[in-house]
Amino acid sequence: MSTASYRLAELAAHIGGEVRGDGEVRIHQVATLESAGLGQIGFLANSKYREQLAATRAAAVIVSAADAEGCALPCIVSRNPYAGFARISALLNPAPAAQVGVHPAAAIGAECTIAADAAIDANVVIGDGVTISAGTVIMAGCVIGNGVSIGANCRLYPHVTVYHGCVIGNRLIAHSGAVIGADGFGLAWDEGRWLKIPQIGRVVIGNDVEIGANTTIDRGALDDTVIGDDVKLDNQIQIAHNVKIGDHTAIAGCVGIAGSTTIGKYCRIGGSAGIIGHLTIADNVEISAFSLVSKSITEAGSYTGIFPLSRKEEWRKTAAQLRHLDDFAQRIKQLEKQLAALQSQTNDEENA
Amino acid sequence: MSTASYRLAELAAHIGGEVRGDGEVRIHQVATLESAGLGQIGFLANSKYREQLAATRAAAVIVSAADAEGCALPCIVSRNPYAGFARISALLNPAPAAQVGVHPAAAIGAECTIAADAAIDANVVIGDGVTISAGTVIMAGCVIGNGVSIGANCRLYPHVTVYHGCVIGNRLIAHSGAVIGADGFGLAWDEGRWLKIPQIGRVVIGNDVEIGANTTIDRGALDDTVIGDDVKLDNQIQIAHNVKIGDHTAIAGCVGIAGSTTIGKYCRIGGSAGIIGHLTIADNVEISAFSLVSKSITEAGSYTGIFPLSRKEEWRKTAAQLRHLDDFAQRIKQLEKQLAALQSQTNDEENA
Amino acid sequence: MSTASYRLAELAAHIGGEVRGDGEVRIHQVATLESAGLGQIGFLANSKYREQLAATRAAAVIVSAADAEGCALPCIVSRNPYAGFARISALLNPAPAAQVGVHPAAAIGAECTIAADAAIDANVVIGDGVTISAGTVIMAGCVIGNGVSIGANCRLYPHVTVYHGCVIGNRLIAHSGAVIGADGFGLAWDEGRWLKIPQIGRVVIGNDVEIGANTTIDRGALDDTVIGDDVKLDNQIQIAHNVKIGDHTAIAGCVGIAGSTTIGKYCRIGGSAGIIGHLTIADNVEISAFSLVSKSITEAGSYTGIFPLSRKEEWRKTAAQLRHLDDFAQRIKQLEKQLAALQSQTNDEENA
């Protein structure tokens with residue numbers, strides 16, 4: 001996709017790094033050290049893999065000062081090679097240009113404010129009273145409800161749905177199938193059947209958020225569901241009504257977060273984890289993949305709750321004994337008591 | 001959104017409750033006790049939080065008779081304050097009106113029966129031989145397959161897909177991205193590769209069902225997949241082919257239910273739980289979040305299966321010992337035997 | 001749906017089986033043994049259920065040679081009755097015919113190559129430079145990005161999204177809401193915030209793949225995400241960037257596979273299982289439903305990791321004792337040591 005190319009020295013300047021070797025090498029694309037070839041730049045983020053530097057056919061590499069030592073290739077020395085790589089890749093791979101303006105096959109409601117340089121693609125349906133700010137791209141088939149406000153320089157990939165009244169900051173990236181603002185799961189039990197609780201809160205999303213494909217974020221029941229700045233959500237995540245997620249928190253795929261839970265800043269939540277409702281998770285908490293959080297977490301740190309994988313026949317034995325754990329505890333206690341009695345009896349006899 | 005307002009006495013009559021205090025107070029919206037202000041009504045469903053009544057700035061509250069005692073505010077006394085709140089909120093927050101009729105940018109197939117007061121929005125695609133009953137709203141971008149029948153007063157939010165032949169009752173609410181009637185996962189292994197089993201059953205959905213965003217319900221392989229009346233499904237749920245779900249059962253987000261499992265009435269299934277295939281779950285069963293049901297459950301009750309969360313370093317120790325459980329069992333038994341032998345030996349000596 | 005009918009002898013010839021009894025019986029549909037009636041054929045794949053043969057009102061059945069012995073009905077003897085059934089069902093239930101050509105309400109980009117007998121339905125949006133091969137059906141509302149290539153005889157159900165540059169083989173079946181090629185979850189941490197890593201790889205999909213509803217397959221970060229031939233993916237699966245899945249592997253619903261993991265051929269992965277990133281799973285591995293794979297698996301076999309379900313009150317006891325497992329291990333060891341000392345002491349005394 002990338003057609004532009006840059007001199008290595010230009011790229012170094014772009015990321016505030018320092019060139020070692022030939023700064024005139026032309027670079028047009030990034031690649032892994034294994035697959036890189038002519039005109040491509042790789043990176044080494046972890047010294048553990050340093051031997052890859054000898055084998056790579058990359059035109060240049062981005063490395064830390066320590067790893068630059070024995071490096072025979074032209075390189076950019078960076079205090080954070082992975083971040084430098086991200087910035088160079090973004091320069092070489094700009095988001096595809098979009099057709100500015102409103103496609104004739106889009107349907108736009110009444111009293112909307114759509115920036116002149118926004119791009120609204122085919123089959124987009126926009127409700128009444130919607131605001132779409134400068135530079136934002138709404139791709140094919142998205143549906144935006146009444147009264148929604150979307151900030152500047154966002155990109156909504158095809159088939160994103162935003163329900164009425166939601167508020168989105170700047171630079172949101174939302175992938176296909178994401179649903180923002182559907183009703184939360186609010187029910188009252190009455191006379192043998194369910195009554196729906198109208199969900200009248202909104203979803204309010206900060207700046208620099210990314211939302212993965214088919215991720216769902218429910219609107220609040222009464223107050224709002226709130227996603228902080230720089231929050232990164234992978235695919236297939238479910239965020240229930242009135243959840244609040246602190247700035248800079250990253251959540252991997254398939255996580256489910258139940259209603260009214262508050263998650264701190266700078267948290268990292270592993271794939272397929274679950275967090276039950278009405279909890280509070282502190283800042284800087286890391287949750288392992290596939291773990292269920294069933295109590296609030298008040299201290300930063302790493303938490304996990306996984307039943308370890310084993311061969312099926314071994315697992316059967318373990319699982320069968322698990323139910324006897326309480327019995328084991330009693331029996332060990334009993335053994336200790338009896339043994340102590342016997343020891344003192346034997347010693348008495350000896351001393352007798 | 002809400003513009004109408006009502007006198008407190010009118011609201012009390014609406015829910016069959018009794019006014020205490022000034023019945024002339026005007027109410028235009030519901031709110032939490034914490035955030036409620038002028039013209040807003042809150043509710044207290046749990047006496048545990050009774051002290052919130054003293055602090056709230058709500059114009060009125062809905063309470064039980066017991067909690068009404070010390071309440072200084074105008075209130076509605078209700079035998080089920082949460083249900084009363086739901087009914088008042090529904091009155092104050094009616095579903096947004098939809099444009100009755102068929103939008104010019106919708107595509108309608110041959111031989112369809114669409115009620116005159118149904119609302120079919122932009123970019124909806126409806127196949128041949130489809131029936132859509134009175135008062136039903138099909139929002140932008142929905143796709144309805146051939147021969148589908150949809151009852152009265154349903155609302156399909158944008159981007160709902162209903163495959164051919166499915167049958168839907170009255171008052172369904174289906175949120176964006178829900179897929180009803182896709183093929184079940186039916187495969188036969190033959191000569192080193194998979195053969196697809198055509199999925200010729202349908203999905204049949206009762207009355208008063210709600211289906212969350214991005215939830216999927218597969219069509220039956222031969223017979224139908226059946227969702228009972230008043231079943232409530234949250235987001236991101238997967239319901240496989242030939243599953244049957246009894247009336248009034250509620251299922252939280254991210255649950256997966258494998259093929260041909262039958263779930264009883266009045267069950268409650270927690271988020272991210274799983275139920276394997278070909279099981280039968282009795283009525284009134286409650287399954288905790290994140291638990292796997294791998295055997296049929298024949299008795300009502302609460303069931304769970306969660307490995308408890310701990311700090312990573314503690315978990316490592318527990319996980320390492322888990323594989324020794326069977327060994328522990330043998331060693332405790334052995335200790336008990338040896339100790340008994342030693343005790344009888346010591347006693348014999350003593351008595352000797 | 002099925003209107004054609006066949007003589008039993010024709011069906012037997014179609015699957016290479018042998019007729020026993022009246023080969024002239026006309027069959028128009030498949031059914032379960034329980035529900036089958038006039039003109040319908042059932043099958044018996046497992047001898048365990050042989051007594052169903054006596055009770056069924058099917059017009060004919062497909063059975064193994066062993067089960068054919070006592071069978072009073074007309075039957076087809078097949079070495080693999082389930083596969084025979086699949087083939088007969090496919091004959092009786094062909095995929096619904098699609099309107100060949102491009103629907104006037106579809107939007108097609110520049111420089112596309114679309115086969116004359118392909119079918120592009122209403123509201124499909126196709127980017128620039130897209131190739132769609134013979135016999136492929138793109139149903140309503142699908143969005144196909146720039147430069148995508150789709151092979152022959154594929155069927156994309158409504159609302160499938162394929163991002164730019166992805167490559168799809170022949171005979172793909174993709175169900176509604178599937179998203180192929182969204183960005184992987186690639187982030188670099190830098191100076192207190194996240195930097196996005198551009199995702200410049202593609203998704204490359206082999207022949208004879210099926211992708212379930214709302215399943216997501218992310219594009220590669222640098223290299224491609226690769227799905228082999230005859231891979232079968234159920235609904236709501238998340239496949240992260242740079243995952244590679246070997247030929248003939250089948251994955252049940254709600255599974256999450258993290259980035260850069262390689263899965264072998266002929267694997268079977270149960271519903272809601274998880275596999276963390278950067279692992280290698282051997283060929284012919286079976287993973288139970290709801291299990292987390294947190295290490296590479298180098299040997300074929302069945303693996304599981306499930307905390308067993310129990311009544312809530314029992315589970316509380318087990319969960320409470322789990323944290324003491326390491327303590328139990330120490331105490332058992334200590335008991336064994338002390339008991340041995342006591343035994344030798346008692347024996348010494350006895351011998352004294």
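Q: Which residues does C:Ile138 touch in this predicted model, leaving aside those up to four places away in sequence?
A: This structure is a predicted model, and the contacts of C:Ile138 are counted here without residues up to four places away in sequence. With that exclusion, the residues that C:Ile138 touches are C:Ala119, C:Ile120, C:Asp121, C:Val124, C:Ile132 and C:Leu156.

Q: Which residues touch the most other members of the largest nonpolar core?
A: The largest nonpolar core holds 228 residues, and apart from it lies another core of 37 residues, including A:Leu33, A:Ala68, A:Ile88 and C:Ala188. Within the largest core, the residues that touch the most other members are A:Ile138, B:Ile138 and C:Ile138.

Q: Which strands stand at the edges of the open sheet in chain C?
A: The open sheet has 5 strands with mixed pairing, in the order β2-β7-β6-β5-β4 of chain C. The strands at its edges each have a single partner strand, so one side of each is left without a neighbour in the sheet. These edge strands of chain C are β2 (18–20) and β4 (29–30).

Q: Which residue in β6(C) is the bridge partner of C:Ile41?
A: Strand β5 (residues 40–43) of chain C runs parallel to strand β6 (residues 60–63) of chain C, and 3 bridges join them. In β6(C), the bridge partner of C:Ile41 is C:Ala60.

Q: Which element gives the largest share of the side of chain A that touches chain B?
A: Between these two chains, 65 residues of chain A are in contact with 66 residues of chain B. The residues on the side of chain A divide into 29 nonpolar, 26 polar and 10 charged. Several elements of chain A give two or more residues to this side, including β39 (301–304) and α5 (312–322), but the largest share, 10 residues, comes from α6(A).

Q: Which residue of β40(B) stands opposite A:Thr304?
A: Strand β39(A) and strand β40 (residues 310–311) of chain B run antiparallel and are joined by 2 bridges. In β40(B), the residue opposite A:Thr304 is B:Ser310.

Q: Is B:Leu44 buried or exposed?
A: B:Leu44 lies in the loop between β5 (40–43) and α2 (52–55) of chain B, and the residues it touches include B:Leu33, B:Tyr49, B:Val61 and B:Pro81. A residue needs 20 or more other C-beta atoms within 10 Å to count as buried. B:Leu44 has 23 C-beta neighbours inside 10 Å, and therefore B:Leu44 counts as buried.

Conventions
Residues are numbered from 1 along each chain as its sequence is written. Chains are lettered from A and ligands numbered from 1 in the order in which they are written. This is a predicted model: local features need pLDDT of at least 70, side-chain atom pairs count only at pLDDT 80 or more; totals for chains, interfaces and linings use all residues. A nonpolar core is a set of buried Ala, Val, Leu, Ile, Met, Phe, Trp, Tyr and Cys residues joined through C-beta atoms within 7 Å. A residue is buried if 20 or more other C-beta atoms lie within 10 Å of its own, exposed if 12 or fewer, and partly exposed in between; C-beta atoms are placed from the backbone. Two residues are in contact if their C-beta atoms, placed from the backbone, lie within 7 Å. Two strands pair if DSSP finds at least two bridges between them. Helices (H or I, at least four residues) and strands (E, at least two) are DSSP runs, numbered from the N terminus. Ala, Val, Leu, Ile, Met, Phe, Trp, Tyr, Cys and Pro count as nonpolar, Asp, Glu, Lys and Arg as charged, and the others, Gly among them, as polar.
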